[in-house]
Amino acid sequence: MSADNPALADDGIRINALNGAASSPTRSLSAPLSAEISAALQASPKGEVQVRSLDLSIPLLEKNDILAERNRGYFLGRGLLALNLVSSPGAGKTTLLERTLDEFGREVRCAVLVGDLETDNDGRRLNRPHASVAQITTGTVCHLDAGMIARGVEALDLTGAKVLFIENVGNLVCPASFDLGEQIRVVLLSTTEGEEKPLKYPPIFKSAHVVLLTKVDVADALGFNRQLAIDNIRKIAPQAQIIEVSSRTGEGLAQWYDYLRARLPKS
């Protein structure tokens, strides 16, 4: 797999390893699934396996949740802190990750999966020699799901990595319903979006472990009421830690890095 020849799946999802691609798949089939396939192959004299039935009774989200639990176990087994970053388009996810990789990523090895409907522009912006990055292009799908993450991780070199950032597709609705197997969900709210977004899109904020209030350096110029925004976040997501940051001036980034350090798996 290469940047010029991204993998294209039957469902139209493309995974493009931009840097530090895994030399070989880093995941293997689970033991029960492997045993099931082996038994089916042995039962077929010609080595062919036929699907006799397809259970459509399992809801889509239930299947996603099963895959998400597999992802979570895989991340925990590798000692990898996985964070799912969700926000509206333009809230500053990529800019935040650029600076995080340039600063925090110099002391703690990180990897990144980036999701977008089209183009690998964000993945290329995040391309760093010291971080493995892969772009997931979802086509018409407006969110990442656990299956995409499982496949995307196979394109990453996770050797020595302690943190996996998952930059979700810019959308405050659909990503709320899809567990990716992350340990921490990070919701970004930009000062350019207004103070009432948490009240208008409560599900995504209710699921947040941390809310990053971004672009605070331009809050005064925009007439953005930071305290009102924080109060609205508190109404919807009292469980979430709130960190005010500016990726341009660096305000609040030390607190963001401390938050990450405090949650690194113990080696």
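The model is predicted. The residues are S190, which lies in strand β7, and E182, which sits in the loop between β6 and β7. The helices are α2 and α6, whose axes come within 8 Å.

**S190**
- Strand β7 spans residues 184-190, and S190 is found in this strand.
- S190 has a relative accessible area of 0%, so it counts as buried, the cut-off being under 20%.
- A polar contact of 2.7 Å links the side chain of S190 to the side chain of T192.
- Leaving aside residues up to four places away in sequence, S190 touches A91, T214, K215 and F224.

**E182**
- The loop that holds E182 runs between β6 (163-167) and β7.
- E182 is buried because its relative accessibility is 7%, and buried means under 20%.
- The E182 side chain reaches the backbone nitrogen of L180 at 2.9 Å.
- The side chains of E182 and R185 are joined by a polar contact of 3.1 Å.
- With residues up to four places away in sequence not counted, E182 touches R72, A82, L83 and N84.

**Helices α2 and α6**
- Two packed helices are described by the angle and the distance between their axes.
- The axes of α2 (residues 60-77) and α6 (residues 146-153) cross at roughly 35° and come within 8 Å.
- On the α2 side, the contact involves N64, L67, A68, N71, Y74 and F75.
- These meet A146, G147, I149, A150 and V153 in α6.
- The residues of this contact divide into eight nonpolar and three polar, with no charged residues.

Key
Residues are numbered from 1 along each chain as its sequence is written. This is a predicted model: local features need pLDDT of at least 70, side-chain atom pairs count only at pLDDT 80 or more; totals for chains, interfaces and linings use all residues. Side-chain values use heavy atoms; hydrogens and water are left out. Helices (H or I, at least four residues) and strands (E, at least two) are DSSP runs, numbered from the N terminus. Buried means under 20% relative accessible area, exposed over 50%, partly exposed in between (1.4 Å probe, protein chains only). A polar contact is a pair of N or O atoms within 3.5 Å; within protein, one must be able to donate a hydrogen and the other to accept it, and residues adjacent in sequence count only if both atoms are side-chain atoms. Contact means heavy atoms within 4.5 Å. Axes are lines fitted to C-alpha atoms, for helices over the stretch in contact, and angles run from 0 to 180 degrees between N-to-C directions. Ala, Val, Leu, Ile, Met, Phe, Trp, Tyr, Cys and Pro count as nonpolar, Asp, Glu, Lys and Arg as charged, and the others, Gly among them, as polar.
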